[in-house]
Structure formats: structure tokens, C-alpha cells
Amino acid sequence: MRGRHSAIGAIVLGGGIAGIVDIGAACAINGFLDPITVCHVIAAGAIGRDAAMAGGLPTVALGLVLQIAMSLLIAAIYAAGAQVLPVLRRRWLPAGLAFGVAVFFVMEFVVVPLSAIGHVPKFTPQSFGLNLLAMLLFGTIIAWFARTKRP
């Protein structure tokens, strides 16, 4: 994408695309689960595992809405930071990678334990690496959209 886009555009495009890509990454990381199951798992963070898995399409929609809302919020945090710290725009690739690492640790060790799922995730070395890689991509996508100076 060439040219300038607004901060809102950066948040919507960066957050939206990163959120959808993250669902695809979760599908691949977990043995090519279908996106419907991944959205059920996301919804489980709000309503609990049993209710989410039994909820049908409404909980799939809830999971998708939660995923996109979280992604937009995360993108808004980066975009706000990029307004204050121009280095986040100039050096968007390393900044996006670092942001992805931060997002990974906050999601896995703060958000998930405080959710209705309520436990600290357990990782194998492979799953840790794959999930971290997914968040590196997530952060890079957001940083790429936030890289240009806004009016």
C-alpha cells in the first residue's frame, strides 16, 4: 500500500488484517483446526469453554468480534505510540517485531490467565516458538500500517 493513510485507517487495516492472519496462524499451529473452532476457543475467554463450544454460530461470531476488537485495540496502542515516538514509524520493522513479542507475553501471561479460561498456558518448545512467531508477524503487520506520518 503506497501513500498516506489516516491513523484510523492504520488501526482498522493493520488491526483487522493482523487479527484475521492471527486466526489463520492459530489454525495452522493447532494442526490445521478450522477457523470456526478457533473462534469458539476465543469466545471461551469471555464465556467459558463449555458454553463456547456448545454455543454454535453465535459463539463463533462472538469469538470473531472479540478477536477483531482485541486486534484493533492492540493496533490503536501501537499507532498512539507511533505518534509520540517517531522511531516506531522510522524503524517500523524492528519496532513491530519487538511489539509482537510484548503482545505475545501480555496475551499469554496476563490476558488468558485473567479470562474465563483462567490458566497460564503450557507450551512445548515447538508451540512456544510457533506462537511467538505468529505474534512477530502480528506486530509487524500492525507496524507496517502505522509506519507513515499522520496529519
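Predicted model: local features only at pLDDT ≥ 70, side-chain atom pairs only at ≥ 80, totals over all residues.
Residues are numbered from 1 along each chain as its sequence is written, and side-chain values rest on heavy atoms, with hydrogens and water left out.

We can begin with the empty space. Rolling a probe the size of a water molecule over the atoms shows where such space is left. Here, a pocket is an open set of points on a 1 Å grid over the protein atoms alone, where a 1.4 Å probe fits and protein lies on both sides within 12 Å along at least five of seven lines; its lining residues have an atom within 4 Å of a point. A volume is the space filled by probe spheres set on the points, which are joined across faces, edges and corners. Helices are DSSP runs (H or I, at least four residues) numbered from the N terminus.

The largest pocket holds about 1,100 Å³ of space. Its lining comprises 34 residues, and V41, I42, E108, V112 and N131 lie nearest the centre. At least two lining residues come from each of helix 1 (7-29), helix 2 (35-47), helix 4 (57-84), helix 6 (92-114) and helix 7 (125-145). Helix 6 gives the most, with six residues. For the classes, Ala, Val, Leu, Ile, Met, Phe, Trp, Tyr, Cys and Pro count as nonpolar, Asp, Glu, Lys and Arg as charged, and the others, Gly among them, as polar. On that basis the lining of the largest pocket divides into 22 nonpolar, eight polar and four charged residues.

The second largest pocket has about 170 Å³ of space. Around it stand M70, L73, I74, I77, F99, A102, V103, V106, M107 and V111. Helix 4 and helix 6 each supply at least two of its lining residues, and the largest share, six residues, is from helix 6. The lining of this second pocket has 10 nonpolar residues, with no polar and no charged ones.

Helix 4 deserves a look of its own. With 28 residues at 1.5 Å a residue, helix 4 should span 40 Å, and its end C-alpha atoms are 41 Å apart, which agrees; the expected span is 1.5 Å times one less than the number of residues. Burial is judged by relative accessible area (buried under 20%, exposed over 50%, partly exposed in between; 1.4 Å probe, protein chains only). The buried residues of helix 4 are T59, V60, G63, Q67, S71, I74, A75, Y78, A79 and A82. An α-helix has 3.6 residues a turn, so residues three or four places apart point the same way. Contacts, meaning heavy atoms within 4.5 Å, show the buried residues of helix 4 packing against helix 1, helix 2, helix 3 (49-54), helix 5 (87-90), helix 6 and helix 7.

T59 counts as buried because its relative accessibility is 7%. Apart from neighbours within four places in sequence, T59 is in contact with C39, H40, A43, I47, A51 and A52. P58, also placed in helix 4, is exposed at 60% relative accessible area. L64 is partly exposed at 36%, and touches I20, I23 and C39 when residues up to four places away in sequence are not counted. L64 and I23 are 41 residues apart along the chain, with their C-alpha atoms separated by 8.8 Å.

The cysteines come next. A disulfide is a pair of cysteine sulfur atoms within 2.5 Å, and by this rule the count is zero. The sulfur of C27 has its closest cysteine sulfur in C39, 7.8 Å away, which is too far for a bond. Both residues are buried, C27 at 8% relative accessibility and C39 at 5%.

Finally, the loop between helix 1 and helix 2 contains F32 and D34. F32 has a phi near 60°, a positive value in a residue other than glycine, and is exposed at 69% relative accessibility. D34 is partly exposed, at 35%. D34 and P58 are 24 residues apart in sequence and 16 Å apart in space, C-alpha to C-alpha.
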